[in-house]
Amino acid sequence: MKLFASLALLLALAGCATPEPAPRPLYRDPVLDGAADVSMVFNRSLKRWEMFYTNRRATMRLDDPKDVSWVHATPIGIATTRDGNRWGFDSEAKFPAECTGVTLWAPEIQEFDGIYHLWLTIVPGVHKSWTGERRIEHLTSTDLRTWTCAGRVDLGSPKVIDASVIRAPQGGYRMWFKDEQGGSKLKVADSPDLKTWTVRGPVSPLPGEGPTVFQFAGKWWLVADLWKGLLVLRSDDALNWEEQPTRLLAGVGQHPTDRAKGQHPGVTVVDGRAYLFYFTHQSGEPEAKTDDRWHQRTVIQAAELKLVDGWLTVDRDAPPPDLRSAFKAR
């Protein structure tokens with residue numbers, strides 16, 4: 001026993017902690033129970049990771065089952081962590097009224113040259129059906145709490161949502177987004193300065209939403225929600241794309257809270273490992289048998305992306321990844 005105790009002490013002193021899977025779900029919003037559309041960002045001043053997300057009003061009970069008012073008047077929630085595995089609600093994000101509104105969707109946050117940049121989907125008003133204008137607004141901040149309007153993103157359409165932005169390898173910046181007026185295709189736009197954008201054609205013939213673009217294992221990847229699994233595209237230059245033959249998360253998971261297709265992905269690459277964050281509706285849970293609005297509730301799940309034969313795979317039924325080393329406070 002003394003030998004085993006000594007070995008355990010040596011491993012702990014060496015920083016070799018026993019692996020601890022993250023919980024499933026990774027995060028459930030305690031206020032509205034509608035967490036979705038995650039964007040992860042490291043808060044440099046507080047030295048911790050933060051999760052910005054759309055918070056749907058999932059606990060609303062509406063007389064008309066087709067009434068989608070509950071996915072409008074949605075705030076952006078902020079969850080934080082100290083150890084990477086356990087996330088808790090921090091606050092509701094505050095934005096300038098002059099460039100935002102009551103319905104806020106799909107935050108996309110990137111840090112460029114010490115400034116945090118946020119692209120936020122704005123839907124003016126509250127609608128009972130999937131109607132109305134959609135636009136993408138650009139905001140900036142130095143602390144992730146106080147935001148300044150940086151201008152509406154002109155993408156040539158009155159119904160655009162779900163931005164994903166990178167520094168383009170050819171120079172400047174590149175944005176992917178969903179154009180609902182253009183057949184809900186995923187389009188791309190380039191900018192030299194994050195102010196003026198030149199739009200190019202769809203990157204895929206398939207309609208979809210929630211694109212996320214990232215570098216991993218020497219390639220550029222685009223993962224997006226097709227509402228029947230996640231589309232995966234691969235590229236050497238973030239310009240020319242090849243479609244993966246298989247979809248990710250198209251089926252139903254085997255574990256509680258994950259028994260629905262995975263939606264609206266977000267991917268964060270840390271220390272050469274790619275972590276996928278997605279939301280699942282709760283329609284497959286026991287509570288849904290007695291509550292006809294339980295399906296509105298959504299939670300955030302985490303899984304690790306792996307590379308097999310040059311393509312991305314994910315095993316949602318495996319234990320969730322241990323996020324402590326990647327997402328702990330520093």
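Me: How do β14 and β15 pair up here, parallel or antiparallel?
Reply: In this predicted model, strands β14 (residues 219-225) and β15 (residues 230-235) run antiparallel to each other, with six bridges between them. Across that pair, leucine 222 sits opposite leucine 233 of β15.

Me: OK, and what sheet has β14 and β15 in it?
Reply: An open one of four strands, in the order β13-β14-β15-β16, with antiparallel pairing.

Me: Which strands stand at the edges, and why?
Reply: β13 (209-216) and β16 (242-243). Each has a single partner strand, so one side of each has no neighbour in the sheet.

Me: How many nonpolar, polar and charged residues are in the lining of the largest pocket?
Reply: That lining has 21 nonpolar, nine polar and five charged residues.

Me: And the second largest pocket, what's its volume?
Reply: About 490 Å³. Its lining has 23 residues, with Arg56, Trp130, Glu209, Trp227 and Gln263 nearest the centre. The elements giving two or more residues to that lining are β5, β9, β17 and β18 (273-281).

Me: How many of its lining residues are charged?
Reply: Nine are charged, alongside nine nonpolar and five polar.

Note on methods: Residues are numbered from 1 along each chain as its sequence is written. This is a predicted model: local features need pLDDT of at least 70, side-chain atom pairs count only at pLDDT 80 or more; totals for chains, interfaces and linings use all residues. Side-chain values use heavy atoms; hydrogens and water are left out. Two strands pair if DSSP finds at least two bridges between them. Ala, Val, Leu, Ile, Met, Phe, Trp, Tyr, Cys and Pro count as nonpolar, Asp, Glu, Lys and Arg as charged, and the others, Gly among them, as polar. On a 1 Å grid over the protein atoms alone, a cavity is a set of points where a 1.4 Å probe fits but cannot get out, and a pocket is an open set with protein on both sides within 12 Å along at least five of seven lines; lining residues have an atom within 4 Å of a point. Grid points are joined across faces, edges and corners, and a volume is the space filled by probe spheres set on the points.
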